[in-house]
Amino acid sequence: MAPLLALATVTPLLAVALAVPIWLATPARAAGPGPAAVQEAAGHPVAAPQPPGPNVFIEVSPGTVEPGHLVGLKASCQDNSVGAIAVSDAFGRVAVQPQRGLLTGTAQVKERVLPGSYRVKLECRGGETASTMLQVVRTVKPSRGPATGFGGGAGGVASGLLLPGGLALTIAGMVVWIVATRRRGVRG
């Protein structure tokens, strides 16, 4: 009986000993606009600065572009009812305006911008910021493609003979078919 009594006494103590560190390690509630979020500064209450939340972002589409082309900007701040500014060395300062719950805009990459990666920074009116990268590549001139057959890739003397040669073979095939059909009709 004594071992059971000792176990019954130790078990609640063990549970408390294990629960207290877990309880102390749990994160505290986020401070709202209540007294915990207000600090005294020079005798005046001041709201504590709020870090940007997960809904502060900026996206650039397409992410890779040639100089002189347009990019679409989609962004979000804590307050999407007012506009914000997107800034980049690739296109300068551009306003993004509220539209369907987000901030949207377009920017034209400068003609003389050098190829490379450029930071695009969102500056919200509430002080939040977010950034992403835009890749600018040099202007690519498309090649003619591989010369793999007659699809316009053939050149020279043979290309002038394709249509007449095909027409001649078609006519010769029709003549052979007519002659063969008439011979069957004469015998039959």
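Predicted model: local features only at pLDDT ≥ 70, side-chain atom pairs only at ≥ 80, totals over all residues.
User: What does the secondary structure of the chain come to, and how do the elements run?
Analyst: Two helices and ten strands. From the N terminus on, the run is α-β-β-β-β-β-β-β-β-β-β-α.

User: How do you know that Cys77 and Cys124 form a disulfide?
Analyst: The sulfur atoms of Cys77 and Cys124 are 1.9 Å apart. The cut-off is a pair of cysteine sulfur atoms within 2.5 Å. The pair therefore counts as a disulfide. A search of the whole structure finds one.

User: What is the handedness of the link between Cys77 and Cys124?
Analyst: Left-handed, with -85° about the S-S bond.

User: Which parts does the pair tie together?
Analyst: Cys77 lies in the loop between strand E5 (70-76) and E6. Cys124 lies in the loop between E9 and E10. The pair thus ties together parts that are 47 residues apart in sequence.

User: Why is Cys77 called buried?
Analyst: Its relative accessible area is 4%. Buried means under 20%, so Cys77 qualifies.

User: What about Cys124, buried or exposed?
Analyst: Cys124 has a relative accessible area of 8%. That value is also under 20%, so Cys124 is buried. Over the chain, 19% of the 188 residues count as buried.

User: Why is Leu167 called exposed?
Analyst: The relative accessible area of Leu167 is 52%. Leu167 is found in helix H2 (residues 157-187).

User: What makes Leu167 part of a patch?
Analyst: Patch residues need over 30% relative accessible area. Leu167, Ile171, Val175 and Val179 form a nonpolar patch on the surface. Together these four have about 350 Å² of accessible area.

User: What joins E7 to E8?
Analyst: Three bridges join E7 to strand E8 (residues 102-108), again antiparallel. With at least two needed, E7 and E8 therefore pair. Pro98 stands opposite Leu103 in E8. E7 and E8 form a hairpin with two residues between them. Arg100 in that turn has a positive phi of about 55°.

User: How many bridges join E9 to E10?
Analyst: Eight bridges join strand E9 (residues 116-123) to strand E10 (residues 129-136). The cut-off is at least two, so E9 and E10 pair. Their run is antiparallel. Val120 stands opposite Thr132 in E10.

User: What is the strand order of the open sheet?
Analyst: E3-E5-E8-E7-E6-E9-E10-E4, eight strands with mixed pairing.

User: What makes E3 and E4 edge strands?
Analyst: Strand E3 (57-61) and strand E4 (64-65) each have a single partner strand. One side of each is therefore left without a neighbour in the sheet.

User: What share of the contacts with a separation of 6 or more joins residues 24 or more positions apart?
Analyst: Such residues account for 48% of those contacts in the chain.

Terms used
Residues numbered from 1 in each chain as written. Heavy atoms only, no water. Helix = DSSP H or I, 4+ residues; strand = E, 2+ residues; numbered from the N terminus. Buried < 20%, exposed > 50% of the residue type's maximum accessible area, 1.4 Å probe, protein only. Contact = heavy atoms within 4.5 Å. Patch = residues over 30% accessible without salt bridge, like charges linked within 9 Å, V, L, I, M, F, W, Y side chains within 5 Å. Areas by Shrake-Rupley, 256 points an atom, 1.4 Å probe, with all protein chains shown as cover. Salt bridge = Lys/Arg side-chain N within 4 Å of Asp/Glu carboxyl O.
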